[in-house]
Amino acid sequence: MILDTDVKERSVSFDIPKKIYSMDALRIAAQILAPKVDVYLDETKAAYEVTLKAKRREAGEPQLRSLAGEFGNELLNQEYRFIVGRFNAKISSLIVTQALMAARGGEAPAAAPAGESTPEFQKLVADLVRNAETEVARTMPKKISDQGTVLPPVTEDAGV
Amino acid sequence: MKLKTKIASKSSKSKPAKKSPLPSAVCVLSDSEASITLDVKVEGIESIFGAAYLMMDKAFVFLSGDRAKKIVVVLRPKDEALPLRALADEFLSDLESQKVRWAVAKNNLPVREFIAEQAVLIANGTIPPPSASEAAPEPAAEELTADQRSEIERLIAEVESEIKTMNDRKVALDPKGIKASWEETQEKKA
Amino acid sequence: MSRLTALANGAAVETSGLAAFNFRDMGGWHLLTNDWGQFLMLSTADFERFMAGKVEAGDPLYPELESRGVMKARLDFKQLAANYVKKNSFQWFPGPSLHMIVVTLRCNQKCQYCHSSVVDPSRTDTDMDIETARKTVDFIFSTPNPTICIEFQGGEPLLNWPVVKFITEYAQAKAKAGNRKLLMALVCNFTLMTEDKLDFLFDHHVSICTSLDGPAELHNQNRPFLGGGEAQQKVVYWLEKIQERCNSDVKKKYYLPGALMTTTRFSMDYGPQIVDLYVKLGLEQIFLRPLSPIGYAKRVWKDVGYAPEEFVRFYEETLDYIIDLNISGKSDIMERMALILLTKIVKGEDPGFMDLRSPAGAVLGCLAYNYNGEIFVSDEGRMVDHQGDPIFRVGDVAKSDWASVIDHPTTRACVTASTLDNQPMCQQCAYKPYCGAEPVFHYETQKSVFGQMPTSGWCISHMGVFDVIFRKLRDPRSRKVMDKWLERDQCRWQESGNVPAGEPEVVL
């Protein structure tokens with residue numbers, strides 16, 4: 001594989017054959033490596049001409065070659081994932097659709113239970129809210145020792 | 001892509017196992033890379049990608065060529081101390097295993113899909129789950145019920161139809177079988 | 001060979017009669033599994049005969065192959081489908097059952113690896129307020145699963161005690177009014193526990209869990225107080241105190257406290273000592289959990305982290321020690337990860353562990369609610385948000401309904417990415433029927449929810465643990481111990497019995 005590195009520009013260039021890799025895989029690989037490189041793209045009839053520019057200032061020849069290798073691996077990762085995804089499409093679609101539909105639990109949300117609209121329930125909730133707010137006001141923002149609560153006197157085998 | 005294995009019929013006797021054919025690989029080692037050229041028709045596109053994919057923990061992997069014809073797999077070890085020959089050998093070994101894994105997967109995809117559909121129907125209550133008596137060991141082939149027999153035959157027919165469609169497509173493109181491998185030619189003669 | 005392992009060079013293979021299965025070379029023997037959870041252990045010689053098509057009817061091996069779903073012409077489709085339904089019952093669950101509520105980010109400890117990215121105890125602006133707490137509970141009860149488990153987390157949840165109490169009482173009132181089954185759990189560091197708080201928790205059937213990383217020198221190194229100081233003594237004190245109260249009242253025995261340890265680099269030399277401590281404290285289980293490089297832990301990984309292979313080594317050595325204790329009769333302590341995997345492998349059931357599901361439990365099985373009402377796919381997703389990346393946020397209790405959360409693109413991405421039939425390496429792995437791929441882990445470590453399995457730390461460590469478990473299953477002495485664990489775990493579930501609908505229930 002021919003890698004054209006330019007240490008001064010912190011860049012490495014190579015060709016991606018269109019008969020092997022797709023634009024979709026290229027886009028995803030570029031997105032995944034975005035924290036490390038800026039990706040520049042040109043193309044001929046047979047290939048995508050990719051240039052990676054390292055974001056780190058200290059990118060020497062070995063680092064540039066390594067970035068190109070990572071990009072190539074991510075391309076392969078995506079391309080093979082497409083192959084596998086297409087092969088198992090029927091089964092995986094069945095699983096994903098089934099799981100999402102079951103979790104959704106139906107089109108319309110369930111109505112609030114009748115028990116929650118009784119005056120007793122409403123009063124209970126109002127009391128809970130009032131008590132909680134009172135306790136928050138009473139106890140916060142009291143300074144709490146970061147050592148926690150005080151324990152009873154230490155016994156012989158404290159700590160194990 | 002032609003499937004190289006056949007689906008067993010009810011009355012099939014055990015056939016002598018096929019030894020794995022020698023890979024069509026041509027391997028070239030340079031200072032820093034191993035390049036392996038593979039015939040896609042012989043090795044299979046999924047197997048080539050699969051074997052290349054599995055090398056990613058040890059090597060930077062790059063593919064070139066043409067998915068329909070020949071692919072060159074270039075392996076550059078992540079650890080320069082890793083011998084190139086060992087890397088290439090590992091790839092070739094995984095390639096042979098990938099061919100088996102993918103053959104088994106393709107042979108059984110209709111069955112897996114069918115069972116997945118059955119699972120949904122059972123879970124949703126559309127069909128009942130197997131009862132305790134149904135869960136008894138499978139009867140011998142000659143004791144299959146008519147329903148079981150026809151279900152198996154339907155599945156086999158489905159897969160064989162797929163194989164036939166792929167073969168017909170290939171014949172249409174190559175009526176004189178010029179591109180057929182020696183092995184495929186021998187199979188036809190047999 | 002690759003981590004998937006490979007066939008022997010020049011192996012003779014006849015694929016025509018083979019059903020769908022994946023295989024793994026275990027060194028001297030082979031493991032075969034299928035999507036429907038069946039597994040088979042064959043000597044290498046038998047495996048080679050089988051793969052070569054040389055096992056026919058009448059062969060002593062034939063009945064076993066037939067019964068384990070690897071012979072193509074001998075498949076019981078309906079039974080395999082039923083196996084699949086049982087093993088993957090979660091795929092049919094009507095929404096999440098586990099709801100983790102982070103009631104505050106404040107904490108009085110500064111754990112070395114803290115995922116939660118905590119803040120100083122004075123930062124009450126990171127407390128969940130009452131209105132948000134109420135909306136959170138309302139949202140939880142709008143999700144469709146008839147069973148709800150609310151788990152309090154933090155920071156340190158006891159620092160926002162009024163809200164813990166409010167949520168407990170409000171949720172229990174709603175459960176009763178709506179005839180829903182409700183379980184409640186509290187995860188806290190025990191350093192702020194008091195008798196009054198304990199009384200409330202017992203009275204309201206809230207189960208309690210803490211973190212105990214090991215002996216004092218290890219625990220205090222991992223989990224010091226914010227201003228320095230040793231916390232392990234307090235953890236042990238309250239563990240013993242709560243156990244004492246539980247054991248004195250037969251109705252409270254299901255509330256025996258649990259403890260979890262987190263494995264750091266410092267833990268690696270302490271395996272047996274950690275186990276001995278758990279045994280001494282009478283804890284029934286220990287969960288040997290790896291640390292994940294997510295959130296804050298990712299930043300300090302070089303100080304506290306380790307390679308996945310190191311964790312697998314630690315796991316195997318410590319599990320060996322635990323099994324030896326069981327065999328010798330010195331203790332019957334169980335290892336939780338082993339129990340989870342054994343439930344899947346041996347019993348063919350789902351143990352409810354979100355990370356090892358296909359698809360994963362993110363949203364489908366669990367949700368995490370931040371102190372400010374934001375909703376996340378999981379607690380790990382919330383930690384990613386705390387580091388500045390909101391990608392795993394799927395809603396807000398003040399603005400979202402359940403439909404918008406389940407329909408969220410992030411939800412769909414996580415579900416798709418964690419379905420193992422979409423994963424190139426997983427779909428060929430012998431551990432596929434029992435494993436899972438966690439999307440947040442892979443996003444954090446590999447910048448993609450799908451990840452890249454050959455180089456994934458998640459895959460390396462889980463594959464390693466599975467290797468350990470299956471080797472143990474093949475060893476008769478270890479198998480006997482593990483079968484007893486499964487039996488005990490079954491008994492525990494049976495003992496809890498049925499609780500009238502609407503009444504608070506025990507968390508086990």
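Predicted model: local features only at pLDDT ≥ 70, side-chain atom pairs only at ≥ 80, totals over all residues.
Local features shown here need pLDDT of at least 70 and side-chain atom pairs count only at pLDDT 80 or more, while totals for chains, interfaces and linings use all residues. Residues are numbered from 1 along each chain as its sequence is written, and chains are lettered from A and ligands numbered from 1 in the order in which they are written.

**View 1. Two helices of chain C pack together: H14 (residues 379–386) and H17 (residues 439–446).** Helices here are DSSP runs of H or I with at least four residues, and strands are runs of E with at least two, numbered from the N terminus. The axes of H14(C) and H17(C) sit 8 Å apart at an angle of about 30°; axes are lines fitted to C-alpha atoms, for helices over the stretch in contact, and angles run from 0 to 180 degrees between N-to-C directions. So H14(C) and H17(C) are roughly parallel (angles under 35 degrees). Look for C:Glu380, C:Gly381 and C:Val384 in H14(C), which meet C:Val440, C:Phe441 and C:Glu444 in H17(C) (in contact means C-beta atoms, placed from the backbone, within 7 Å).

**View 2. Chain C touches chain A.** Chain C puts 58 residues into this contact, and chain A puts in 47 residues. On the chain C side, H5(C) gives the largest share, ten residues.

**View 3. Chain A has four helices and four strands.** Starting at the N terminus, its elements go β-β-α-β-β-α-α-α. Among contacts in chain A with a separation of 6 or more, 62% join residues 24 or more positions apart.

Note on methods. Parallel < 35°, antiparallel > 145°, perpendicular 65-115°, else oblique. Contact = placed C-beta atoms within 7 Å.
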